[in-house]
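Here are my notes for you to read beside the model. Please keep the sequence and the 3D view open as you go through the points.

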Amino acid sequence: MGIMQMADALGRTPQRSNARSNRTRILATARQELLDNPDASLDSIAQAAGVARRTLYGHFASRQALVAALTQEAGQALQQAFATARIPGADPLEATARMALAAWAVGDQYRMLISLGRRDLGAEAIRAALAPAREEATATVRRGQDEGVFADHVPAPVLALTLETLLLALAAENAPSTWADPAGEAAATALLVAAGVAPQVAALRVREILREAEGHERRSDVRRFAASARRH
C-alpha cells in the first residue's frame, strides 16, 4: 500500500466510525424524543442528540426517512425478541406467552412502529415491517386453536391481530402514573385470557416462565462472577 493509500485508509476509518456513532445516537435520541412528542421536529432531535443539523440531514434527508429507519429498527427488534424467546417444542400456550413477554420487553419501539409508522409511512410499510412477527404469532395461534387451547370463534389471523392490538393498548397504559407492569406479567396473562385460556391457568403459566427466566439470569450472573474471579 502506498503512502497516500495508507493515509486515506487511516483517515477514512475514524470517519466511518464517527458516522456510525452519530447515526446510532440520532436514532436513539429520536426514539425517545418522538415517544415523548410525536411532533418533534428534526431540528429539535438534532439538538437533543448533540449533533449539527447538517449531520442529521446527512443521515436522514427527511422526517419520513428517519421514521422509516426507526420502523425498520423496531421491526428487527421485535423479530429478535421473538427469536430469543423461542423454545423448541413449546406448546402453543407457552409459545404465545413467551412472545407476549418478548414484545413487552421492546414495547416502546413496538408502539412507535405502529403509531409513527401509520402516520408517516402508511399501513403498507407497517405490514411489511411486522410481517415476520405476525406470521409467527398467527401460526402459533392457529396451532393453539387446532389443539383446543385457544378459542376458535374467529379465524387465527383475526384473533392474532386482536391480541396484538390488546398488547399495544396495555403497553400504552404502562406508566408509573397510571399502571405499572414492568415484566409484562399482567399483560401476558390478559393476552392469554383474551385468547380463551382460563385466568388461573394463564396466570400460572406466565408466572412459571418468568420464574424460569429469573433463575436462568441468576445462574448466568453466578457463572460470570466465577469467570471473573478466576481471571483475577
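1. Over the protein chain, the mean pLDDT is 84, and 85% of the residues reach 70 or more.

2. A word on how to read the values. This is a predicted model, in which local features need pLDDT of at least 70 and side-chain atom pairs count only at pLDDT 80 or more, while totals for chains, interfaces and linings use all residues. Residues are numbered from 1 along each chain as its sequence is written, and side-chain values use heavy atoms, with hydrogens and water left out.

3. Now the fold. The protein chain has 10 helices and 0 strands; both are DSSP runs numbered from the N terminus, with at least four residues of H or I for a helix and at least two of E for a strand. Of the contacts between residues at least 6 apart in sequence, 65% join residues at least 24 apart.

4. How much of the protein chain is buried? Buried residues account for 37% of its 232 residues, where buried means under 20% relative accessible area, exposed over 50%, and partly exposed in between (1.4 Å probe, protein chains only).

5. Look inside next. A nonpolar core is a set of buried Ala, Val, Leu, Ile, Met, Phe, Trp, Tyr and Cys residues joined through side-chain atoms within 4.5 Å. The largest one has 42 residues, and Leu-78 and Leu-192 have the most contacts inside it. Elements giving two or more residues to this core include α4 (63–85), α7 (123–146) and α10 (199–231). Apart from this core lies another, of 18 residues, among them Leu-34, Ala-49, Ala-69 and Met-112.

6. Leaving aside neighbours within four places in sequence, Leu-192 is in contact with residues including Leu-93, Phe-150 and Val-206.

7. Finally, find the 1 aromatic pair. Rings of Phe, Tyr and Trp (its six-membered ring) pair if their centres lie within 6.5 Å; planes under 30 degrees apart count as stacked, over 60 as edge-to-face and the rest as tilted. Trp-104 and Trp-179 are edge-to-face, 6.2 Å centre to centre with 70° between the planes. Trp-104 lies in helix α5 and Trp-179 in the loop between α8 and α9, so the pair ties together parts 75 residues apart in sequence. Trp-104 is buried, at 9% relative accessible area, whereas Trp-179 is partly exposed, at 28%.

Note on methods:
Contact = heavy atoms within 4.5 Å. pLDDT = per-residue confidence, 0-100.
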